[in-house]
Every structure is written in C-alpha cells, then in structure tokens.
Amino acid sequence: MANPLRGEVIRLYKNLLYLGREYPKGSAYFRERLKSAFMKNKDETDPEKIRKLVDRGEFVIKELEALYFLRKYRAMKKRYYEPEK
C-alpha cells in the first residue's frame, strides 16, 4: 500500500529543488544538502512524523523566499540610492 503523503513529499522536494537554483552558496551545494536531508528520513513510515517533516520543509520554503526577496530588495536599493556613509 502506497503512503498517501508520498505525493506531497515529492512535491515538496521538487519545490525545494527549484528554489535552490538561486541559493547563495550555489545550486550544487543546495542540491547535495537537500538530498542528504531527504535520504536521512527516507525510511520514516509514521504519518504524524512525516507530516511534521513536510511542515518543516514548507517552513524552509518560506525562509528561502524571504532570503531571495531580501536579496532582490538590496540589489534594487543599491541601484537607486546612494550608499549610506
């Protein structure tokens, strides 16, 4: 019997992989860390624990988005305003 959360876990992995393309330390670094995090928990079968791990992954997505928006904001600010002294 297939785990009903399997599709959600795969969707989470793909979203994180997509967001990791612009990671400051490089996409290869992010991909390696992402794979090791998912492989560490690959044998988990408890739906409650899987749900907690998925929620943690969604939190990481929000943090990455915030990081990217902040980087974009700083780049735009640097273009249009003089550096503060």
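pLDDT is the predictor's confidence in each residue, from 0 to 100. The model is predicted: local features need pLDDT of at least 70, side-chain atom pairs count only at pLDDT 80 or more, and totals for chains, interfaces and linings use all residues. Residues are numbered from 1 along each chain as its sequence is written, and side-chain values use heavy atoms, with hydrogens and water left out.

Begin by colouring the chain by confidence. The average pLDDT is 88, and 94% of the residues score at least 70. Helices are DSSP runs (H or I, at least four residues) numbered from the N terminus, and strands are E runs of at least two. Confidence is highest in H2, at a mean of 94, and lowest in H3, at 90.

Next, select residues 8–61. An unreviewed UniProt entry annotates this range as "domain: Complex 1 LYR protein"; such annotations may be inferred rather than shown by experiment. The range is 76% helix and 0% strand, with its end C-alpha atoms 14 Å apart.

Now display Tyr13 and Phe38. They form one of three aromatic pairs in the structure, where rings of Phe, Tyr and Trp (its six-membered ring) pair if their centres lie within 6.5 Å, and planes under 30 degrees apart count as stacked, over 60 as edge-to-face and the rest as tilted. Tyr13 and Phe38 are edge-to-face, 4.9 Å centre to centre with 80° between the planes. Tyr13 belongs to helix H1 and Phe38 to helix H2, so the pair ties together parts that are 25 residues apart in sequence.

Helix H1 (6–19), helix H2 (27–40) and helix H3 (47–80) each supply at least two lining residues, and H2 gives the largest share, nine.

Finally, centre on Arg21, in the loop between H1 and H2. A polar atom of the Arg21 side chain lies 3.2 Å from the backbone oxygen of Tyr18. Arg31 is 10 residues from Arg21 in sequence and 8.5 Å away in space, C-alpha to C-alpha.

How values were computed. Polar contact = N/O pair within 3.5 Å; in protein donor to acceptor, adjacent residues only side chain to side chain.
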